[in-house]
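Here is a short tour of the nonpolar cores and of some backbone angles worth a look. Have the structure open as you read.

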Amino acid sequence: MNQKRLAGLLCLLLATAGAVAVAQTPLAADVRVSAPEQPSEEDRTALWTYFSEHYSEGNCSAVYTDVTHDGVEDLVVLEMEAGNEPILIHENRPDMEQVTGGTVTVLHRDAHGTVEPIFSYTLDREARGGLYLQKQDGLVYLLWRTPSETELFFLSENGQKMTAEAAQADERETEEAKLLLAFDPETQTGSSMEYLDELFTMY
């Protein structure tokens, strides 16, 4: 009799444990997608170190943002030029007639910790357009706009242009985008140029 009661108690305990285990197993609808990675000081330090070794703060602007959509910040650098020479752009606004153009470069830190430029876009007075950073649905894209052309894209980790079907360039959102460099499409005079004047900000 005692053995039967003991066997019954064991069965009851096993059944109860099984019910608890089933109750604690998350349903598919309860599974949460992990949040995007937070900015890493290690990543920023590596990006800043590369910048300081290859660029000058005097003629460059720089903004941290994720244009590779991998959850890790990149550094977008704008370098301004007068002819083939750098020109100071922060303390005093340069003579726009002297500025011949600028180059936007994206620095990316890979999974091995190596920082490399993966994308470069040069604009001059013949470009007659503008390059911006634009957010849509929490993601950052590069936006290239001219009077006759609009291109919205992000980058793969090796710098290849990628497009998302759900992302579309919106004329109304250009005002909310962050300008990198633009030449007024109506004129090529110096006063028509606008550029990003920030150092190590976030977008």
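## Ground rules

Helices (H or I, at least four residues) and strands (E, at least two) are DSSP runs, numbered from the N terminus. This is a predicted model, in which local features need pLDDT of at least 70, side-chain atom pairs count only at pLDDT 80 or more, and totals for chains, interfaces and linings use all residues. Residues are numbered from 1 along each chain as its sequence is written, and side-chain values use heavy atoms, with hydrogens and water left out.

F200 sits in strand β12 (residues 199-202). Its phi is positive, about 55°, although F200 is not a glycine. F200 counts as partly exposed because its relative accessibility is 23%; buried means under 20% relative accessible area, exposed over 50%, and partly exposed in between (1.4 Å probe, protein chains only).

H69, in the loop between β1 (60-65) and β2, also is a residue other than glycine with a positive phi, near 55°. At 24% relative accessibility, H69 is partly exposed.

## The nonpolar cores

A nonpolar core is a set of buried Ala, Val, Leu, Ile, Met, Phe, Trp, Tyr and Cys residues joined through side-chain atoms within 4.5 Å. The largest one has 27 residues, and M80, F119, L142, L155, L180 and L181 have the most contacts inside it. Strands supplying at least two residues each include β2 (74-82), β4 (101-109) and β10 (178-183), while β5 gives the most, with four.

Not counting residues up to four places away in sequence, L180 touches (heavy atoms within 4.5 Å) several residues, among them V76, L131, L142 and Y195. A second, separate core has twelve residues, including A46, Y50, F51 and L75.
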